[in-house]
Amino acid sequence: MWPKWGKPSRNDTSSPAADLPSSVATPSFKDIHSLLHDEDETGAACRRKASVFHRVRMATAALRTWRSLQSSTLAESGDKRIVLYYTSLRVVRKTFEDCRMVRSILRGFRVAVDERDLTMDSAFLTELKGLLGRQQLSLPRVFIGGRYIGGAEEIRQLHESGELKLYIEGAPPAAASACEACGGVRFLLCSVCNGSRKCHTDKGGFRSCGCCNENGLVRCPDCCTPIV
Ligand SMILES: [Zn+2]
Ligand SMILES: [Zn+2]
């Protein structure tokens, strides 16, 4: 048996591919790998890199197929509301650039995008954590029709492959003019505390305003409604 290990062949029954039907087993990972492999590159490190890259590509392709199935179901439901969670703060450069890229891609389709800036209201973060069911997350994040589509990398790939257009098809068009109530800011100054976060009480003291967020703002009732 030892020589077999040293020199594997296609007919080797110990190979995992041999358990699969021939239609699934070909083309093998090795064949595609050899196509991807740059002839000028040498060394195991390069091959490992290409292999990992290939596996990621395969996983992405599978994910796309699955999502396209979801997308077609979604199209039938007619709900194509696009929600983008992002940050306008330039604290982490990559996050800021990713958010800007995704915003720009989505805006390019000239459809209505519910843009939720986490720096305007920390409740958006709580909302997002609840939707994704995890505590640690990066921005941006995109939902279409109440379903999670992905972050910057997924949106970029879907856009480059032309698939994003299919997801967005049927979404309501972008409004011709900004919301009259908030001017497109999506928030209004709290009318109870005038944005000060403090309310005068009958006893003469001050208490924190319970009507607005940490910035003394309330969501615009005309254009900033819950996601689902
Ligand atoms: Zn508004
Ligand atoms: Zn207030």
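Let's start at P140, which sits in the loop that runs between α6 (123-132) and β3 (141-144). Keep in mind as you look around that this is a predicted model.

R186 has a relative accessibility of 13%, so it counts as buried, the cut-off being under 20%.

From here we come to the zinc ion (ligand 2). Its protein donors are the SG atoms of C190, C193, C209 and C212, lying 2.3 Å from the metal. The angles among these 4 donor atoms run from 106 to 114°, and the site is tetrahedral. Along the chain, the donors follow the spacing C-x2-C-x15-C-x2-C. C190 belongs to the loop between β5 and β6, while C209 belongs to the loop between β7 (206-208) and β8 (217-219), so this pair ties together parts that are 19 residues apart in sequence. Both C190 and C209 are buried.

Our last stop is N194, found in the loop between β5 and β6 (198-200). N194 is another residue that has a positive phi, here about 55°, although it is not a glycine. Is N194 buried or exposed? With a relative accessible area of 58%, N194 is exposed, since that label applies over 50%.

Methods. Residues numbered from 1 in each chain as written. Chains lettered and ligands numbered in written order. Predicted model: local features only at pLDDT ≥ 70, side-chain atom pairs only at ≥ 80, totals over all residues. Heavy atoms only, no water. Helix = DSSP H or I, 4+ residues; strand = E, 2+ residues; numbered from the N terminus. Buried < 20%, exposed > 50% of the residue type's maximum accessible area, 1.4 Å probe, protein only. Donors = N, O, S within 2.8 Å, 3.2 Å for Na, K, Ca; no water. Tetrahedral: all angles 85-135°; square planar, octahedral: opposite > 155°, others 65-115°.
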